[in-house]
Amino acid sequence: MRIARNTLIWVACLVVLLLVGAAVWINIRFSGEREAALHAWNNEALSIEVIDTGILMLPAKTPTEPTGLVFIPGAKVDPYGYMDKLSGIVEAGHPVLISFPTLGLAIVDATPLDSLIAPAPSGISWAVGGHSLGGVRACQIADTGQAAGLVLFGSYCVNDLSAATLPVLSLAAENDGLSTATKIADAAHNLPADTEFLVLEGANHAGFGDYGAQPGDGSSTLSDPQLRALIGENVSRFLSTLPAP
């Protein structure tokens, strides 16, 4: 009896430790950099509103294009940490909605695309995209047939979309130490044959946002404005090719 009781106590202690560890891990976040976020908030070309499902960025001066992007952050990355890097897309006229994933973990968030865009303006055809594990979740949403296109930011699909008639843009970073070139190449068979693959020379994994360095990542040789411009140019060009609603 004493052995069984001691065993149960140890098991209970182990479960508690695991739960506490999981709670601590979930609550350790990559915080967005204040200066970059303020740069986006103070950008007169943007109209920014926090809605129930995320951060909605609309063009304030440029006519709004009929195609936009729902962007899913990487695991435990502050959604506000992507505002500035994605602002070039909005300056080109395309709305961007940065989602608020459940617990900061997109991979456990089952929110469908129609629920994410419900509070956003109507009359927009939405592509879905994401960074790192946010891109993995974007691939799952794209598999439902709801999205007009898919954009991967330092990410890849683990589900098979090879037979989908879906425009896809894959942006990889040359010095990405996490979503490496090998990982992206090994998963390329899950994407349609006409997927557009682009490598941003000199960029690293964390450079797709503004939230500091990530362990295991490579170093970037690009400035934030340079990377912001590359993202804005290539994603807005891709969105312009998508059919209007």
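In what order do the 8 strands of the open sheet sit? Here are my notes on that and on what packs around it.

1. First, a caveat: this is a predicted model. The strand order runs β1-β2-β4-β3-β5-β6-β7-β8, and the pairing in this open sheet is mixed. Going from one strand to the next, you'll see a twist that averages 20°.

2. Look at the two ends of the sheet. β1 (46-51) and β8 (196-200) are the edge strands; each has a single partner strand, so one side of each has no neighbour in the sheet.

3. Leu56 stands opposite Leu97 of β4. As for how covered β2 is, 6 of its 6 residues are buried.

4. Helix α5 (residues 133-142) lies across β3 (67-72), β5 (125-131) and β6 (150-153), and runs at about 145° to β5. Helix α7 (residues 224-240) lies across β3, β5, β6, β7 (168-173) and β8, with an angle of about 170° to β8.

5. On to the aromatics: there are 6 aromatic pairs in the structure. Take Phe71 and Phe153: their ring centres are 5.1 Å apart and the planes sit at 80°, so this pair counts as edge-to-face. The pair links distant parts of the chain, with Phe71 in strand β3 and Phe153 in strand β6, 82 residues apart. Both Phe71 and Phe153 are buried.

6. Another pair to check is Tyr82 with Tyr211, which is tilted, at 6.1 Å centre to centre and 55° between the planes. This pair also links distant parts of the chain: Tyr82 is in the loop between β3 and α3 (83-91), Tyr211 is in the loop between β8 and α7, and 129 residues separate them. Tyr82 is buried, as is Tyr211.

Methods
Residues numbered from 1 in each chain as written. Predicted model: local features only at pLDDT ≥ 70, side-chain atom pairs only at ≥ 80, totals over all residues. Heavy atoms only, no water. Pairing = 2+ DSSP bridges. Helix = DSSP H or I, 4+ residues; strand = E, 2+ residues; numbered from the N terminus. Axes fitted to C-alpha atoms, helices over the stretch in contact; angles between N-to-C directions. Contact = heavy atoms within 4.5 Å. Buried < 20%, exposed > 50% of the residue type's maximum accessible area, 1.4 Å probe, protein only. Phe/Tyr/Trp six-rings, centres within 6.5 Å; stacked < 30°, edge-to-face > 60°.
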